[in-house]
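Hello,

Here is the structure I said I would pass on. Please open it first, then read the notes below alongside it.

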Amino acid sequence: MPINRINLTLISFLLITTLSACSTPEPELATEANANYNVDLNIAQLMSLVLEPASDMLWESGGWVLDAYGYEELYPTTDDGWAFVRAQAAIVVETGNMLALPGRAEDDDAWMIYSEGLSEAGIMAMEAAEAQDKEAFFQAGGQLYSVCTACHQSYSPDVASRFNNSAD
Ligand code: HEC
């Protein structure tokens, strides 16, 4: 997104300015460091190792399930429990950024919108967890699910169908 680029430029500018204030200026070095993201994890790994475990934790912590004892509420019941799901939501927020990195982003268009949507759903979940607001937390979970599905439908129809089956 253009805004991110502007921010990056600003950050490298500030970095260069700071560096040159205390030592010999190394503008090339600062620029390279900014471009040098580690994107060794491919999209599939980022999904299965980072995003899915965090999202599953959110989905497993909202709503109700019917089990042998009747309807059981899944929401956290303690401050620590809510703090834990809030931290999982923070992983979702940051995964939106990780997906948008050069070397991972598949285009500068819908991919970026879905990545941003992921972060926004994560923020919703974080805010709901902080307020311990069950209804808002449940809605954030639904919003999250629709972002996953929308991106898979556009970029990985194969995963989209697997995803639907496993959620059933
Ligand atoms: C910005 C787009 C995008 C978003 C948002 C997204 N995914 Fe994905 N996901 C992909 C792509 C592309 C693949 C296929 C990667 C491949 O196989 O190379 C994938 C694959 C997967 C896989 C299969 C990984 C594997 O081991 O093959 C899982 C699981 C997954 N995503 C979970 C999720 C979940 C859960 C969410 C939402 C919380 C989500 N994804 C959101 C793009 C996205």
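**Helix 4**

Helix 4 covers residues 79–99, which is 21 residues, and its first and last C-alpha atoms are 31 Å apart, close to the 30 Å expected at 1.5 Å a residue. Please keep in mind that this is a predicted model.

Which residues of helix 4 are buried? They are W82, V85, Q88, A89, V92, T95, G96 and L99. Looking down the axis of helix 4, these buried residues fall within an arc of 125 degrees, so they line one face of the helix. The face turned away from that buried side carries D79 and D80, which are exposed. As for partners, the buried residues of helix 4 pack against helix 3 (43–59), helix 5 (110–131) and helix 6 (134–155).

**Helix 5**

Helix 5 has 22 residues, which should span 32 Å at 1.5 Å a residue; the C-alpha atoms at its ends are 31 Å apart, which agrees. The buried residues here are Y114, S115, L118, A121, G122, M124, A125, M126, A128 and A129. They pack against helix 3, helix 4 and helix 6.

Setting aside neighbours within four places in sequence, A129 is in contact with W82, V85, R86, A89 and F137. Of these, W82, V85 and A89 are among the buried residues of helix 4. Just after helix 5, Q132 has a positive phi of about 55 degrees.

**The core**

The largest nonpolar core contains 22 residues, and V92, A121, A125, A129 and L144 have the most contacts inside it. At least two residues of this core come from each of helix 3, helix 4, helix 5 and helix 6. Which helix gives the most to this core? Helix 5 does, with eight residues.

**Around the ligand**

The ligand is surrounded by 20 residues, of which M47, S55, C148, C151 and S156 are the closest. Helix 3, helix 5 and helix 6 are the elements that give two or more residues to this shell. Helix 3 gives the most, with seven residues. How do the residues of the shell divide into nonpolar, polar and charged? There are 14 nonpolar residues, five polar and one charged.

Regards

Key:
Residues numbered from 1 in each chain as written. Predicted model: local features only at pLDDT ≥ 70, side-chain atom pairs only at ≥ 80, totals over all residues. Helix = DSSP H or I, 4+ residues; strand = E, 2+ residues; numbered from the N terminus. Expected span 1.5 Å × (residues − 1). Buried ≥ 20, exposed ≤ 12 C-beta atoms within 10 Å, placed from the backbone. Arc of directions from axis to C-beta. Contact = placed C-beta atoms within 7 Å. Core = buried A, V, L, I, M, F, W, Y, C linked by C-beta atoms within 7 Å. Near = placed C-beta within 6 Å. Nonpolar A, V, L, I, M, F, W, Y, C, P; charged D, E, K, R; others polar.
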